[in-house]
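Biologist: Hi! Could you walk me through this protein, please?
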Amino acid sequence: MRVFIDYRSRTPIYEQIKEQIIKLINCGELKSGDQLQSLRQLSSELSININTVKRALSELEDQGILYSVAGKGVFIADKPNSDAFLTSSLETVETAITNAKVLGAQKSDILKLIENIYTGDD
């Protein structure tokens, strides 16, 4: 699993980690039962505090997207709680739209993108 952190982003680091794990699940790179890196490995790789990683993974676990096994690690849930996964995915979309707006995206551009996604056009 490869997570990238944008240290200049207004989005908190723990939220960026959550968003990227969800993206990796959505695109199929992470599948049910896959084990994530340990907290120490991930915090070392990202050069961030272990508590930041722990918060991100803990929130995803609370939402039913991840589960932990004592002494074994953290895994992708077999069937992530669909309501929690949807809520988390919508939070990711909200963050992306907010960032795009800050960068100058127009409402019409964002609405056109949404319409294209729902109609299957590019």
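Modeller: Happy to, and we'll go from the overall fold to the core and then to the charged side chains.

Modeller: A note before we start: this is a predicted model, where local features need pLDDT of at least 70, side-chain atom pairs count only at pLDDT 80 or more, and totals for chains, interfaces and linings use all residues. Residues are numbered from 1 along each chain as its sequence is written, and side-chain values use heavy atoms, leaving out hydrogens and water.

Biologist: Got it. How many helices and strands are there in the protein?

Modeller: The protein has five helices and two strands, in the order α-α-α-β-β-α-α from the N terminus. These are DSSP runs, numbered from the N terminus: helices are H or I with at least four residues, strands are E with at least two.

Biologist: And what share of the residues is buried?

Modeller: Of the 122 residues, 33% are buried. Buried means under 20% relative accessible area, exposed over 50%, and partly exposed in between, with a 1.4 Å probe and protein chains only.

Biologist: Which residues touch the most others in the largest nonpolar core?

Modeller: That core has 21 residues, and I17, I21, L30, L36, L46, L57 and L66 touch the most other members. Two or more residues each come from α1 (13-26), α2 (39-46), α3 (50-62) and β2 (73-76), with α1 giving the most, six. A nonpolar core here is a set of buried Ala, Val, Leu, Ile, Met, Phe, Trp, Tyr and Cys residues joined through side-chain atoms within 4.5 Å.

Biologist: What does L57 touch?

Modeller: Leaving aside residues up to four places away in sequence, L57 touches I21, L36, L39, L66 and V74. A contact means heavy atoms within 4.5 Å.

Biologist: New topic: how many salt bridges are there?

Modeller: A search of the whole structure gives three. Each is a side-chain nitrogen of Lys or Arg within 4 Å of a carboxyl oxygen of Asp or Glu.

Biologist: Where does K18 come in?

Modeller: K18 pairs with E59, with the closest N and O atoms 2.7 Å apart. That links distant parts of the chain, since K18 is in helix α1 and E59 in helix α3, 41 residues apart. K18 also meets E15 in a salt bridge (3.8 Å, N to O).

Biologist: Is K18 buried or exposed?

Modeller: K18 counts as buried because its relative accessibility is 3%, while E59 is partly exposed at 23%.

Biologist: Which residues are linked in the network of salt bridges?

Modeller: The network links E15, K18, R55 and E59. R55 joins through E59, at 3.2 Å between the closest N and O atoms.
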